[in-house]
Amino acid sequence: MSEFKSDFLRTLKERGFIHQISDETGLDDLLSKEMVTAYIGYDPTASSLHVGHLTQIMMLHWFQATGHRPISLMGGGTGMVGDPSFKEEARKLMTVEMIEENIASIKRVFSSYLDYERPGNGALMINNAEWLRSLNYLEFLRDVGRHFSVNRMLSFDSVKTRLDREQSLSFLEFNYMILQAYDFVELARRYECRLQMGGSDQWGNIINGIDLGHRMGTPQLYALTSPLLTTASGAKMGKSASGAVWLNADLLPVYDFWQYWRNTEDADVERFLKLFTTLPMDEIARLAALGGAEINEAKKILATEVTAVLHGRAAAEEAAETARKTFEEGALADSLPSIEVPRSELDAGVGLLSLVVRAGLAASNGEARRHVQGGAVRINDAAVSDERAMIGTSEVTADGVIKLSLGKKKHILVRPA
């Protein structure tokens, strides 16, 4: 479609969010005529979402910003099954208690992107456990299961990928796409929800919901997916060398989150500014035009803007200032991530490799040893080449800390406790 009428689809198109739409004209007409309700589902498989979820969260943000009502659906029911889409093996099953704890932790992030109190189109946080956990199995099979063709389900790429590799797909997982489709029907009935959004890997599951809605008498439902994102070098979004890039500050310090975006590849800066910030398009065009060393200024703005949406403007600017002091002035910034080590241990001396692992700069002594041998580990900005070195109170600086660094960009303050 050359030009959308609705603000929402126009915004998504110019910012690069759209991969597929089930009925472009129908959805565009609906969005331009009335306030529409849409949802994205999140299964609570961990206590935090990660950067890989941000594209979809931003879609909900823009949905509300353009006058519509977003639903963040928590998978308290589907989380007991686990989405098998493109997974090489079954997810580990979680207890109800684990699921509830994860949902409570995940909820904290959404209020940074959505306004649940906004008059007229306040966002909704809903848990599909409301209708899934109380289902009567026989009635569900008769009323819902009869509308699904196993032949068609087996043709979906998400299922075929697993079967082609001759990896087991349990009957439990096979039910997931039926439950997700049923979620769409229930949300349509209970909240007049007309649109489900998600990543492109969810296309088949969402279309299932549209078909089921048609068979069970809902109004016309719609699907919209975003491209699955990788960096310019092909890395999957949400992962870094040291693990998942979590959105919850208790799992990833604000400074580390800021640094993740500061380290964006040059080729990704414009795309990420469009997807992950709320900066106007003309400002993004100005930043994207910067070349040479100036591209680093655009990266700092990207990092600060993405961090500000999630963690607040003050925390984002503090992270930016910490980075400036650390890298441009060579100063010791108090807001660098830190760990505490009992003073008694430092009096006796702590092994360098052990300290690197405790600081989270390596996953094992072997990995820490390789870093030391490669000249990447520094204590108080001085390289340490002896992997058997003992770090103690003599390394504590006048600032009362030991600065432990890995490479140029990872710094941890070791504080005697």
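The questions and answers below set computed values for this predicted model against the definitions behind them.

Residues are numbered from 1 along each chain as its sequence is written. Local features need pLDDT of at least 70, side-chain atom pairs count only at pLDDT 80 or more, totals for chains, interfaces and linings use all residues, and side-chain values use heavy atoms, with hydrogens and water left out.

Q: Why is the contact between Asp-250 and Arg-108 called a salt bridge?
A: A salt bridge requires a side-chain nitrogen of Lys or Arg within 4 Å of a carboxyl oxygen of Asp or Glu; the N to O distance for Asp-250 and Arg-108 is 3.5 Å, so the pair qualifies. The pair links distant parts of the chain, 142 residues apart, with Asp-250 in the loop between strand S8 (243–244) and helix H12 (254–262) and Arg-108 in helix H4 (residues 96–110); helices (H or I, at least four residues) and strands (E, at least two) are DSSP runs, numbered from the N terminus.

Q: Why do Asp-386 and Arg-388 count as a salt bridge?
A: The N to O distance is 3.8 Å, so the pair meets the cut-off for a salt bridge. Asp-386, at 36% relative accessibility, is partly exposed, and Arg-388, at 69%, is exposed.

Q: What makes Tyr-137, Leu-138, Leu-141 and Phe-171 a nonpolar patch?
A: Patch residues have over 30% relative accessible area and no salt bridge, with like charges joined within 9 Å and nonpolar side chains (Val, Leu, Ile, Met, Phe, Trp, Tyr) within 5 Å. Tyr-137 has 45% relative accessibility, so this residue passes the area condition. The four residues together have about 460 Å² of accessible area, computed by the Shrake-Rupley method with a 1.4 Å probe, where for residues only the protein chains shown count as cover. The largest share of the patch, 3 residues, comes from helix H6 (residues 137–143).

Methods
Buried < 20%, exposed > 50% of the residue type's maximum accessible area, 1.4 Å probe, protein only.
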